[in-house]
Amino acid sequence: MSFLIMDTQKLKSYVKDFKWTRSIKQLHVHHTWKPDHSDYNGSNGIALQTAMRNYHVNTNGWNDIAQHLTLLPDGQWVTGRDFNQDPASILGWNDGAFCIEMLGNFDAGFNKFTGQQANAMFEFCAFFVLQMKLDVNACVKFHRDNPNAGKTCPGTGIERGWFMNTLNEKIKESSNSSCAEEWKIRAVDELAKAGLLNEPLMWKQKINEPMPVWGVLILINELFTRFSEKK
Ligand SMILES: [Zn+2]
């Protein structure tokens, strides 16, 4: 199987269009530890992924690379194991799991989890949680959450509370904006321009709420008056 490299936008469409034959119950978060940021040169994502697969298959004796995705330091993603196969992710929790390896060593004092890499992680995880209808606080697992892990993974530099708060914020943001499609916003702007709506910002914030009866009546009255004047 050949690996694909893509940005977060492309990956989201890829996941949406993917023909899932298993149901996803958990999202697992890891760091690769080795390779780390110093091994990435901006164009060797596939080579690093291939080296990881070779290690997992030849040394660990697994039937494929462990993870479904590797997140590169510049926010690009590399596909790994078939999404319809359980990963070799967290012992005892692999059934229905989806496994992300973030390339880096995020133990305190080593690489920093920040910038494009962190943005891509939160954006994709927020999308994935919504797409798979996961209970975020119960279903997003750090490797070290498993009492038998015996690891700091995804690194002592990433505090779970902070990670989950940021992810929850991002989920709130994406669920709001995915409902406020561009055409709805445009309609508010046009009506405001025509003088039929005051306070467009207020209407945009309430874009998916029902229109109050008085609002509908005032709008109809305003339209009626205008058309009457034109005659
Ligand atoms: Zn791990």
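Where is the place of Phe 83 in the chain? Phe 83 sits in the loop between E4 and E5, where helices (H or I, at least four residues) and strands (E, at least two) are DSSP runs numbered from the N terminus. The structure is a predicted model, in which local features need pLDDT of at least 70 and side-chain atom pairs count only at pLDDT 80 or more, while totals for chains, interfaces and linings use all residues. Residues are numbered from 1 along each chain as its sequence is written.

The chain contains eight helices and six strands. Read from the N terminus, the order of elements is β-α-β-α-β-β-β-α-α-β-α-α-α-α. Domain 1 covers 5–179 and domain 2 covers 182–230; these bounds come from an automatic or database domain assignment. The centres of domain 1 and domain 2, taken over C-alpha atoms, are 44 Å apart. Along the principal axes, the C-alpha atoms of the chain fill a box of roughly 85 × 40 × 35 Å. The radius of gyration of the chain is 23 Å, whereas a compact globule of 231 residues would have a value near 17 Å. This radius is taken over C-alpha atoms, and the globule rule is 2.2 Å times the number of residues to the power 0.38.

Of the 231 residues in the chain, 26% are buried. A residue is buried if 20 or more other C-beta atoms lie within 10 Å of its own, exposed if 12 or fewer, and partly exposed in between, with C-beta atoms placed from the backbone. Among contacts in the chain with a separation of 6 or more, 70% join residues 24 or more positions apart; two residues are in contact if their C-beta atoms, placed from the backbone, lie within 7 Å.

The six strands of an open sheet follow the order E1-E4-E3-E5-E2-E6, with mixed pairing. Strand E1 (5–6) and strand E6 (140–142) are the edge strands, each pairing on one side only. Two strands pair if DSSP finds at least two bridges between them. Strand E3 (residues 69–71) and strand E4 (residues 77–79) are joined by three bridges in the antiparallel sense, and Thr 70 has Val 78 in E4 as its bridge partner. H2 lies across E1, E3 and E4 and runs at about 45° to E4. For such angles, axes are lines fitted to C-alpha atoms, for helices over the stretch in contact, and values run from 0 to 180 degrees between N-to-C directions.

The largest nonpolar core has 30 residues, and Leu 71, Phe 124 and Cys 125 have the most contacts inside it. Two or more residues each come from E2, E3, E4, strand E5 (97–102), helix H3 (115–131) and E6. H3 gives the most, with eight residues. Such a core is a set of buried Ala, Val, Leu, Ile, Met, Phe, Trp, Tyr and Cys residues joined through C-beta atoms within 7 Å. Beyond its neighbours within four places in sequence, Phe 124 is in contact with Thr 8, Leu 11 and Lys 12.

Phe 83 counts as partly exposed because 18 C-beta neighbours lie inside 10 Å. Not counting residues up to four places away in sequence, Phe 83 touches Phe 18 and His 68. The C-alpha atoms of Phe 83 and His 31, 52 residues apart along the chain, are separated by 19 Å. Asn 44 lies in the loop between strand E2 (26–31) and helix H2 (45–59). Asn 44 is also partly exposed, because it has 14 C-beta neighbours inside 10 Å. Between the C-alpha atoms of Asn 44 and Leu 72, 28 residues apart along the chain, the separation is 9.7 Å.
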